[in-house]
Amino acid sequence: MPAPIRLRELIRTIRTARTQAEEREMIQKECAAIRSSFREEDNTYRCRNVAKLLYMHMLGYPAHFGQLECLKLIASQKFTDKRIGYLGAMLLLDERQDVHLLMTNCIKNDLNHSTQFVQGLALCTLGCMGSSEMCRDLAGEVEKLLKTSNSYLRKKAALCAVHVIRKVPELMEMFLPATKNLLNEKNHGVLHTSVVLLTEMCERSPDMLAHFRKNEKLVPQLVRILKNLIMSGYSPEHDVSGISDPFLQVRILRLLRILGRNDDDSSEAMNDILAQVATNTETSKNVGNAILYETVLTIMDIKSESGLRVLAINILGRFLLNNDKNIRYVALTSLLKTVQTDHNAVQRHRSTIVDCLKDLDVSIKRRAMELSFALVNGNNIRGMMKELLYFLDSCEPEFKADCASGIFLAAEKYAPSKRWHIDTIMRVLTTAGSYVRDDAVPNLIQLITNSVEMHAYTVQRLYKAILGDYSQQPLVQVAAWCIGEYGDLLVSGQCEEEEPIQVTEDEVLDILESVLISNMSTSVTRGYALTAIMKLSTRFTCTVNRIKKVVSIYGSSIDVELQQRAVEYNALFKKYDHMRSALLERMPVMEKVTTNGPTEIVQTNGETEPAPLETKPPPSGPQPTSQANDLLDLLGGNDITPVIPTAPTSKPASAGGELLDLLGDITLTGAPPAAPTPASVPQISQPPFLLDGLSSQPLFNDITTGIPSITAYSKNGLKIEFTFERSNTNPSVTVITIQASNSTELDMTDFVFQAAVPKTFQLQLLSPSSSIVPAFNTGTITQVIKVLNPQKQQLRMRIKLTYNHKGSAMQDLAEVNNFPPQSWQ
Amino acid sequence: MLLFSRQGKLRLQKWYVPLSDKEKKKITRELVQTVLARKPKMCSFLEWRDLKIVYKRYASLYFCCAIEDQDNELITLEIIHRYVELLDKYFGSVCELDIIFNFEKAYFILDEFLLGGEVQETSKKNVLKAIEQADLLQESQNEEWGGLSEDIL
């Protein structure tokens, strides 16, 4: 059998292959030769064959059949064999293969070998890929070697120990005694690896950390070593661009960081040396900056005195001006970490940071953007926003969403004026409209609603914005909503802030219809547009017929959402026209709710305690709750569940959160004048219950009619009548409409109706039409109650009435038992 | 640590965490693609998954290291540079071909410089001395064992 071809020969041959197929062919041929050679148990050339296999493995070809051969090589006595064998083990084997455990014995023997290079190989392999089982078996040997006087082996043993600890943390204790004198070494290799070992131990175990702080007095030792490094003269062996052993310096600084964290004494002991390093290190080359970087990280992390911290931040500031990109990147990253704690110091470098927004490098831009947002405050908001908007305009798409969200957050917190705020939002919507996050739309709508005096200006600007281009969905959604709400202001040309434009009702409807038709509009956007058109039916005067037509067309739309809305609106026109104006009334000012931002820092001149944004719960007030409790108390029965009416008193309360979501139940009650607006606000999903209540009747062709109405209460001139409706398709639901009338000669004001039902029922109370029952029966309050009676039990109800009459507060409780059987059977 | 050429061919791969071959291939492919896509003026650091990637190009070879979050990027650049210097000293003005044809030696040098992902020797001289001595040991053994004085490989 001729000798297998040499490694270099093989490499040369394979490189001549011109195609992938040719290469594969060569490889396969050689693999076959190697396999037969392995089968023959050829000892002489085994290492050559394995070496070739390793080369082919690097090219991406399978080499698992060489695994056992590696083990044989390791077991050989020849150094070459061992070298290749261990290399192969590190490349081909790992802890997932069962084979690897066979190595353990070999390694154990080699750890005790007479030749240090063999021992070195064993340590290296164990420290690189040793599994937990191997580590457990061999930890003792490693520990022994950690105490040897041979520095070549000692340094390797130290790093091997690090690996053992990472794999099997419980073994950490075992290495403790050996660490005692590690730092007394002169050999830098040993020093470096020892520092790494100590770092690993301190990071993993707080007990170890405490031990090293107190008992070993590690800090003074490290300080001494560091000092020697800096002060000692030129040492050719360890010099890198004029700095003595930067690798060691950096590791020591890192260990000091861990030791000084949260510990005053340790921090105190290292203050001087840190200052020294910070001021004396050469900054012209990367290596000096690497040390400064580590120093800054350490200063910021321990309990350093303020002078030192300022020094650190200034170093970072200088980094920002460095020509080297890497340095700038590193500076921005570090500043981001420190901006929370040392905000004012970082502010000083704000202009440099903002300049970095214009950098060409993507990573730097991202860092600069994050940092800029962190630095925005009430004082610099105008200037910063200009820069940020410019950035939004020109940045890569991957940034736009984050940038837009950040701008909204910042604007919300620090806007100097409402007009500025609206302008900024407009700018974002028009620049990056399609990247704005979905949750921004309701937030913006709430904001616009609350800026009452800006409504005309806002709607005008939004109208102009979508005239040209209605492809950006969030922009169109906000615009559609505003036009729906404030369309009357738009056509009346009442803008104060800028030149009013002449718009006719038809033009407005034109644009909304185009949005509806456009292929670019999503289903959600169309929903907004349709609802807006509907709302305009009460705000516009001459185009109501056109609106009716549009709405009825969409009653047969394929889009279920649109169809549902259109049908409901149609119903409003036909059957509930009397409610239409009330339903579609202007939105009141909404309750402010937390934004979904991270916990922001409240900046108050240097104070830096983070203050989480406060959630303001919708004040559906303590009153209804206590009233409900009263009901419970007085009635005492355990089978009654009190129901807190969803219509609180005349406080301008609102279910802000729910409305903001524009999802779910919208039971807004009115600010005075007390005309409430259970408005059909654009909803993404509607609770079926509500849907049933408002509009299911016209849809159902089989309503059970003819249920007699009853007088539920009649006393002191106040009469309450119940009328019933049930549907055949959902027989457990009974819809009760109450009508309250007042036959006395004075109005009853602040009228609140509450009801409670037995536990087996569920009750939902919708908003009343008003809270005043006018005198002389000139009008009524209507309110809808929906009762769910799945067990078809006899309907009973307890009601509580409160109102003001003739200057005094009145209250009464009553039980309603005269429900007709058709209302619940 | 990965070394790869401008065409994306792998010249050296050293893994310090256990991963299956398939995973290693996938990661290598992704990283190579990402790094090769970087423009020359960009900075040497990038974020990838939960790691930081530090890379530097020397002639036709990219040297690429993945480090953990708490590691110092700037010193990693120095580590890469030191490794290149070691290769340079050993091979005498190293070029990509040297590493291709003597990859096992490149590994040996790396294993004398780093162990378990950490620097084990900060003195250039000491690393090179160790390699020299190991090479000598290998040669002398080969002579002993049957007169194959040329390179056994």
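A charge is taken to sit over a ring if NZ of Lys or CZ of Arg is within 6 Å of the ring centre and within 35 degrees of the ring normal. In this predicted model, A:Arg83 lies over the face of B:Phe108, at 4.2 Å from the ring centre. Within chain A, the charged end of A:Arg35 is placed over the ring of A:Phe65, 4.1 Å from the centre of that ring.

Local features need pLDDT of at least 70, side-chain atom pairs count only at pLDDT 80 or more, and totals for chains, interfaces and linings use all residues; side-chain values use heavy atoms, without hydrogens and water. Residues are numbered from 1 along each chain as its sequence is written, while chains are lettered from A and ligands numbered from 1 in the order in which they are written.

Over all chains there are 14 aromatic pairs (rings of Phe, Tyr and Trp, the last by its six-membered ring, with centres within 6.5 Å; planes under 30 degrees apart are stacked, over 60 edge-to-face, the rest tilted). Two of these pairs are tabulated.

| Pair | Centre distance | Plane angle | Class |
|---|---|---|---|
| A:Trp481 and A:Tyr486 | 6.3 Å | 80° | edge-to-face |
| B:Phe103 and B:Tyr107 | 6.5 Å | 85° | edge-to-face |

A:Trp481 is buried at 2% relative accessibility (buried: under 20% relative accessible area; exposed: over 50%; partly exposed: in between; 1.4 Å probe, protein chains only). A:Tyr486 is buried at 0%. In chain B, B:Phe103 is buried with a relative accessible area of 1%, and B:Tyr107 is buried with 1%.

A:Phe722, A:Phe724, A:Phe753 and A:Phe819 make up one aromatic cluster.
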